[in-house]
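Student: Could you take a close look at one part of this model for me, the place where the two chains meet?

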Amino acid sequence: GSASSRPARSRCRRWGWTAARPTCSRSPCPRTWRAWRSASTSARAPAPRRTSRRLGRRPATGPRPGTPRTRRNPQTLQLISKKKSLAGAAQILLKGAERLSKSVAENQENKRQRDFNSELLRLRQHWKLRKVGDKILGDLSYRSAGSLFPHHGTFEVIKNTDIDLDKKIPEDYCPLDVQIPSDLEGSAYIKVSIQKQAPDIGDLGTVNLFKRPLPKSKPGAPHWQTKLEAAQNVLLCKEIFAQLSREAVQIKSQIPHIVVKNQIISQPFPGLQLSISLCHSSNDKKSQKAASEKQSPEDHLYVLEHNLHQLIREFHKQTLSSTMMPHPASAPFGHKRMRMAGPQAFDKNDISSLQPNEGLLEKIIKQAKHIFLRRRTARTIDSLASRIEDPQIQAHWSNINDVYESSVKVLITSQGYEQICKSIQLQLNIGVEQIRVVHRDGRVITLSHQEQELQDFLLSQMSQHQVHAVQQLAKVMGWHVLSFSNHVGLGPVESIGNASAITVASPGGDYAISVRNGPESGSKVMVQFPRCQCKDLPKSDVLQDSKWNHLRGPFREVQWNKMEGRNFVYKLELLMAALTPC
Amino acid sequence: MRLLNLFCCFLVFYDSVSQMPVAEGKSVQQTVEILTRKLELLGAEKQGTFCVDCETYHTAASTMGNQGQAGKLMYVMHNSEYPLSCFALFENGPCLIADANFDVLMVKLKGFFQNAKANKIESRGTRYQYCDFLVKVGTVTMGPSARGISVEVEYCPCVVANDCWNLLMEFMQSFMGSHTPGIPSMFGNKHDSIYSPGDTMAQYMELFNKIRKQQQVSVAGIR
């Protein structure tokens, strides 16, 4: 019970006892002992004035201060009162400390619990929210970034009240939840792939999806952030696909594009098919089971998917660029100069120069064509390099490329003679539909996208290289070049390119080597001996002087496959060495 | 069709619009075909179609202060060559080049300008390009009937009067023969000014007015 309900006597006794605790070394102190005795036995012992003031009651009875008993111990009273006041102060401080510690504990509890408003504040730092009536709605569309897609993209923030306060709060508990529109649930991506043309047109519209693992969210990110980001990605993919399909239908091209369900199919090159599809997988279990068959994602071109995202963002930025904004409220969205097209009577040429020429689909098709052409060129060069050992073909690809152009430097050399025979160096510029070849001697040749053209060209260059190599070798060895032709008009006609030929004579003039090399017919080497070394020459009366026997006579073919040496130039060097006696 | 007189209203500097008389015994369409065949033989390539139309507006009588004063006529024209523009002209007055929304504005100004719908006249035909020249041969129709032929010849590189009307004349002679028009009447002293699309429309307006007057005269003649 409270202090006031206790009988006065016991109260006095208590106070009296505490006041009479021995304060001096002598115990019991004669002074204090006497005070205690008087206090405990006398019913009329006065209650200390302090307590009576606190309780708001005056003591019932008792001698007034200043009575003979208390006058005897003024220090005691002082001590008692001091102690009481200190205790009171201590009590206040303790209560305050208790309150502080309680609030600190509460804060920590709050941090763990995360109440609704603080969570809402966190959400507001990332997403735009507005209050409509009693609902809190947010905007996850790209409209404020310049998109013109008509989807509303609003999500609703709801309080998560299904929590049982008695049970322990789970670790990932979040007091608020976001409700995204039902058509943006799950995850989506745009699959771009180049395949051989499908023989059966009935296969359209059944794109094999592969379940792409969701991009890992940051470890500290709350679940609503991942949910909203995924929904925003779905919206962007939908916008990209809508733009692509609109252009596929509207823009006239030579080979029309096919738009079926969630797939757009177009033909960049004959026999080839580019398919762009929107793969949207919702999170429910039914679709997960269906997509469990793992399709290999190897033909998906990640680069083009990334480029699609970049292009649509660029398109968004254009609507907010300085040429569009600011604009008068009455003017439609468009380029500033287009507003002047009417009053300044622009004709069709002027108008078309202002408008963007290419749409998203055209750009992505051009990029796909370029990627395909580049891959095929690389494959052609590599297959030639692995198939043919002599001469060797080297390709140095440039690091820095454009989306529509890449370049490669092709060198044709003979092993061991790289310093001598380096006359065939080709710079290939791979464009969207053509390959431009710049030769070292300045010729510029344009090849089409056909694989065979490039292969034939490289084979003809390789054959020419052999003959050029002979020319360079002759210089080194001291032999004289008698004739040299890149395109020989004699002999069997080659189906790829032309045959080249060279004739070189030894330093002493005794011997001559004639080489004819064609891409298809291979190499033919003939040696011309001096007449005196030929045994089967018919004797005649025309030549009367024996000095004419030192001239070069008939040609004899060399069995080149039996010749020693690992490549053509080496063999020829050995032949030259053999024919120049020291 | 009767033989119509030749009217010359051409802007030689940059562009010349003239009316081609219809050959005797032939219809408008046949004459157009003769012309286009001549052009194609010359080597011009066809580049689509063109259309120039003209609507007439009267200033409403209620707005006129003096009752005796005749209402002014305003012509609102469109040219497919300048697809986003609209031209508004008064007879001898200024020419306004405006945005395509001008038509909507005219609807709102119904109280002040009334559309004379029966007077709508247009010229439609094919557009040929021959190197630096653009030739447009069109049939002028008012309502359902064809009233004449208009030929527009444009020399693209030049914008100043005096410099090229001789060249233009020579070119026109090559396919129009004897029907080549003479010096333009509109630009008597403005030979050295820079040409503008408004001048083309002014020429068309004159041409259309002449054709309109012609028909009225001929109709009156029958009666």
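Tutor: Between chain B and chain A there are 2 residue pairs in polar contact, both at pLDDT 80 or more; a polar contact is a pair of N or O atoms within 3.5 Å, where within protein one must be able to donate a hydrogen and the other to accept it, and residues adjacent in sequence count only if both atoms are side-chain atoms. On the chain B side that touches chain A, strand E5 (85–90) and strand E6 (95–99) of chain B are the elements giving two or more residues (strands, E, are DSSP runs of at least two residues, numbered from the N terminus). E6(B) supplies the largest share of that side, 3 residues. Sorted by class, that side of chain B has 7 nonpolar, 2 polar and 2 charged residues (Ala, Val, Leu, Ile, Met, Phe, Trp, Tyr, Cys and Pro are nonpolar, Asp, Glu, Lys and Arg charged, and the others, Gly among them, polar).

Keep in mind that this is a predicted model: local features need pLDDT of at least 70, side-chain atom pairs count only at pLDDT 80 or more, and totals for chains, interfaces and linings use all residues. Residues are numbered from 1 along each chain as its sequence is written, chains are lettered from A in the order in which they are written, and side-chain values use heavy atoms, with hydrogens and water left out.

As for the contact as a whole (heavy atoms within 4.5 Å), chain B puts in 11 residues and chain A 9 residues. About 750 Å² is buried between chain B and chain A, with carbon and sulfur atoms giving 64% of that area; buried area is the accessible area (1.4 Å probe) that two parts lose on being put together, summed over both. Salt bridges across the interface of chain B and chain A come to 0, by the rule of a Lys or Arg side-chain nitrogen within 4 Å of a carboxyl oxygen of Asp or Glu.

Note on methods. Helices (H or I, at least four residues) and strands (E, at least two) are DSSP runs, numbered from the N terminus.
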